[in-house]
Amino acid sequence: RPAPAPVPGISGAKNIASGANHSCAVVAGGKVSCWGRNNAGQAGASPSNTVTATSVPGVRAAAQITAGEAHTCARASTGSLLCWGHNADGQLGDGSQTDRSKPKSVPGVMANSVASGRQFTCAATRQGGVKCWGNNEGGSLGTGSVGTRTRLDATNIRGLTDVTTLAAGDLFACASTSRGDVSCWGNNTFGQLGDGSNNMHPTPNPVAGLSNIASVAAGPLHACAVDKNGAAKCWGNNDSGQLGDGSKAPRGRPVAVAGLRDAVMIAPGQGHTCALRRTGGVVCWGKNPNGQLGDGSTNDRKKPVAVQGLSGVTQIVAGNDHNCALLSRGTVSCWGSNLHGQIGNGAGARQLALPM
């Protein structure tokens with residue numbers, strides 16, 4: 001009876017990311033390996049799915065990896081960016097709309113962090129601001145304009161300073177600052193901007209009732225933040241209980257995740273959410289038909305449940321219906337749906353987390 005499955009061939013990993021249906025890891029020497037869906041080259045190889053970890057050519061000094069719906073970006077310790085995959089909306093930032101299976105540099109950006117949304121990308125600059133590029137539907141680029149007009153090059157967002165973490169969802173994005181506050185922008189149909197309304201905001205808008213925040217993260221239609229004391233709050237779509245407040249009602253303002261007081265990181269997926277605890281264990285809640293909650297069942301949960309068979313976790317990431325965890329020994333384990341090979345174990349099935 002399988003537990004979260006180790007990804008063969010991954011060792012010395014330092015950072016991980018999950019897109020909709022693919023995952024990647026920064027490994028020894030700053031190289032990057034990816035696995036899962038690869039219809040647009042987002043896993044960095046020939047345009048066919050890769051069910052095992054495959055090295056991405058041309059990446060040698062990565063410090064951070066991020067994955068969107070069908071594109072991937074790597075940030076070097078120097079701040080330079082490389083992106084690859086789907087590019088119909090200019091989300092690779094190379095000035096074109098041509099898909100790339102090989103990484104291409106993003107000109108004009110020196111980043112402290114990077115976040116990939118569905119069809120756009122944002123980077124926190126070394127000056128503390130944010131630049132975004134790609135699809136601007138719903139105002140997701142934060143530039144003040146709305147509509148589907150794309151930006152093929154990095155465009156500065158006004159009004160953001162001292163940004164520490166970035167998050168990007170389907171048509172919205174959020175940033176936390178060193179002051180402990182959070183602002184979001186873009187589409188707000190499900191209250192995912194957290195201001196208590198459903199009004200679109202094409203420029204950064206404060207999230208209500210948050211303070212002392214350490215980090216922010218976003219799924220396709222909901223977002224979450226962890227404060228410096230370990231409490232977690234979520235807002236937005238909640239049709240599967242992914243906000244963790246014990247209900248399935250959408251929330252336009254942040255609500256506390258029930259019983260979670262020792263979180264160090266949170267990872268929203270599509271209809272579910274996971275959090276890393278100070279103990280090195282992981283809890284998840286929300287949608288669960290593919291075992292993505294890791295509790296050994298396929299039952300939805302409106303409150304956090306423990307992922308079985310995981311300890312020593314240092315980072316957690318979530319895709320559409322799978323998750324991956326980086327362990328302290330530099331290995332990576334994944335669980336949930338494996339329809340596109342996104343668990344990386346060389347097979348195609350769901351990987352329920354069950355007691356050994």
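The structure is a predicted model. The largest pocket holds about 920 Å³ of space. Seven disulfides are present in the structure.

**The largest pocket**

- Rolling a probe the size of a water molecule over the atoms shows where empty space is left.
- The lining of the largest pocket is made of 43 residues. Nearest the centre of the pocket lie Ser18, Thr66, Ala217, Ala218 and Val317.
- At least two lining residues come from each of β2 (15–18), β6 (62–67), β10 (111–116), β14 (163–168), β18 (213–218), β22 (263–268) and β26 (313–318).
- Strand β22 gives the largest share of this lining, with five residues.
- Sorted by class, the lining has 22 nonpolar, 18 polar and three charged residues.

- Strand β28 spans residues 332–336, and five of its five residues are buried. Val332, Cys334 and Gly336 point one way from β28, while Ser333 and Trp335 point the other way.
- Strand β1 (residues 5–6) pairs with β28 in the antiparallel sense over two bridges. Here alanine 5 is opposite cysteine 334 of β28.
- Strand β27 (residues 322–327) also runs antiparallel to β28, and five bridges join the two. The bridge partner of alanine 325 is serine 333 in β28.
- Four residues lie between the strands in the hairpin of β27 and β28, where glycine 330 has a positive phi near 90°.

**Two open sheets**

- Strands of a sheet pair through backbone hydrogen bonds, either parallel or antiparallel.
- Phenylalanine 120 is opposite glycine 134 in β12.
- Another open sheet of four strands has the order β14-β15-β16-β17, with antiparallel pairing. Its edge strands, β14 and β17 (201–206), each pair on one side only.
- Strand β15 (residues 172–177) runs antiparallel to strand β16 (residues 182–186), and the two are joined by five bridges. Phenylalanine 172 is opposite glycine 186 in β16.

- A disulfide is a covalent bond between the sulfur atoms of two cysteines.
- Cysteine 73 and cysteine 83 form a disulfide with their sulfur atoms 2.1 Å apart. This link is right-handed, with 110° about the S-S bond. Cysteine 73 is in strand β7 (residues 71–76) and cysteine 83 in strand β8 (residues 81–85), so the pair ties together parts 10 residues apart in sequence. Cysteine 73 is buried at 0% relative accessibility, and cysteine 83 is buried with a relative accessible area of 0%.
- Cysteine 174 and cysteine 184 form a disulfide, with 2.1 Å between their sulfur atoms. The torsion about their S-S bond is about 105°, so this disulfide is right-handed. The pair ties β15 to β16, because cysteine 174 lies in the former and cysteine 184 in the latter.
- Cysteine 224 is joined to cysteine 234 by a disulfide, S to S 2.1 Å. The torsion about the S-S bond is about 105°, so the link of cysteine 224 and cysteine 234 is right-handed. Cysteine 224 and cysteine 234 are both buried.

Conventions: Residues numbered from 1 in each chain as written. Predicted model: local features only at pLDDT ≥ 70, side-chain atom pairs only at ≥ 80, totals over all residues. Heavy atoms only, no water. 1 Å grid on protein atoms, 1.4 Å probe; cavity = no way out; pocket = protein on both sides within 12 Å on 5 of 7 lines; lining within 4 Å. Points joined across faces, edges and corners; volume = space filled by probe spheres on them. Nonpolar A, V, L, I, M, F, W, Y, C, P; charged D, E, K, R; others polar. Buried < 20%, exposed > 50% of the residue type's maximum accessible area, 1.4 Å probe, protein only. Pairing = 2+ DSSP bridges. Disulfide = S-S within 2.5 Å.
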